[in-house]
Amino acid sequence: MALNMVLPRTGVGIDVHAFAPENDPQPLWLGGLFWPGEQGLSGHSDGDCVAHAAADALFSACGIGDLGTHFGTDRPEFAGASGVKLLGEAARIVREAGFEIGNVAVQFVANRPKFGPRREESQRVLSEAAGAPVSVTATTSDGLGFTGRSEGISAVATALVYPVSANEASAPEPGPAKGAPHA
Ligand SMILES: [Zn+2]
């Protein structure tokens, strides 16, 4: 007799963006929030590496590829889309693939911006986009590496998902015992 048990699946995602050069300044979008007065990140999109890492981890957990797989050149409508929009679409794709989202945890490495005062705001925006809890934490690299030299921001995310439709398909439906006549 098979155990009627749903195993969750974890995923991982990493995203890095360089700060835009001083002669081509960009607004900073990070963790789904706009940061007035902060140096922005370069990239084809808004460069929100927190949101991108979260979306990547969701795809990873489901084993259905990565950001490039789903938002590549064959989906031009997502070229330049905001990180929040990408995360929302990633969550939709994950659910369409038969999974529900347990949670996503993201940590970014940067000297700036000072994240603590806006943590809850960021978590609210990203959780709403994903339809599941997204937690965000921040740290520095103690002055080392490209994040320590303030050349860019890196973010790593983990995600937990669990299969929904596959479980429903394999689990017997409660109902009349075998052989009983249907009503
Ligand atoms: Zn990115």
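User: What makes the largest nonpolar core a core, and which residues have the most contacts inside it?

Analyst: A nonpolar core is a set of buried Ala, Val, Leu, Ile, Met, Phe, Trp, Tyr and Cys residues joined through C-beta atoms within 7 Å. The largest such set here has 47 residues, and V50, A54, L58, L87, V104, V106 and A130 have the most contacts inside it. At least two residues each come from β2, α1, α3, β4, α4, β5 and β6, and α1 gives the most, with 11 residues. As background, nonpolar side chains tend to be buried together in soluble globular proteins. Please keep in mind that this is a predicted model, where local features need pLDDT of at least 70 and side-chain atom pairs count only at pLDDT 80 or more, while totals for chains, interfaces and linings use all residues. Residues are numbered from 1 along each chain as its sequence is written.

User: How do you know what V106 is in contact with?

Analyst: Two residues are in contact if their C-beta atoms, placed from the backbone, lie within 7 Å. Leaving aside neighbours within four places in sequence, V106 meets that test with V50, A53, A54, V134, V136, A155 and A157.

User: Why are β1 and β5 called edge strands?

Analyst: Strands (E, at least two residues) and helices (H or I, at least four) are DSSP runs, numbered from the N terminus, and two strands pair if DSSP finds at least two bridges between them. The open sheet of four strands is ordered β1-β6-β4-β5, with mixed pairing. β1 (9-18) and β5 (134-139) each have a single partner strand, so one side of each is left without a neighbour in the sheet.

User: How do you know that the length of α3 agrees with a helix?

Analyst: The expected span is 1.5 Å times one less than the number of residues. For the 14 residues of α3 that gives 20 Å, and the end C-alpha atoms are 20 Å apart, so the two agree.

User: Which residues of α3 are called buried, and what covers them?

Analyst: A residue is buried if 20 or more other C-beta atoms lie within 10 Å of its own, exposed if 12 or fewer, and partly exposed in between, with C-beta atoms placed from the backbone. In α3, the buried residues are G83, V84, K85, L86, L87, A90, A91 and V94. Their cover includes β2 (28-30), α1 (49-62), α2 (67-70), β4, α4 and β6.

User: Why is Y162 called partly exposed?

Analyst: Y162 has 16 other C-beta atoms within 10 Å, so it falls in the partly exposed class. This residue is found in strand β6, and its contacts beyond four places in sequence are V6, P8, R9, F99, E100 and G102.

User: What is the pLDDT over residues 175-183?

Analyst: pLDDT is the predictor's confidence in each residue, from 0 to 100. Over residues 175-183 it stays under 50, and the model has zero contacts beyond four places in sequence for them. Where pLDDT is low, the predicted coordinates should not be read in detail. The chain as a whole averages 89, with 88% of the residues scoring at least 70.
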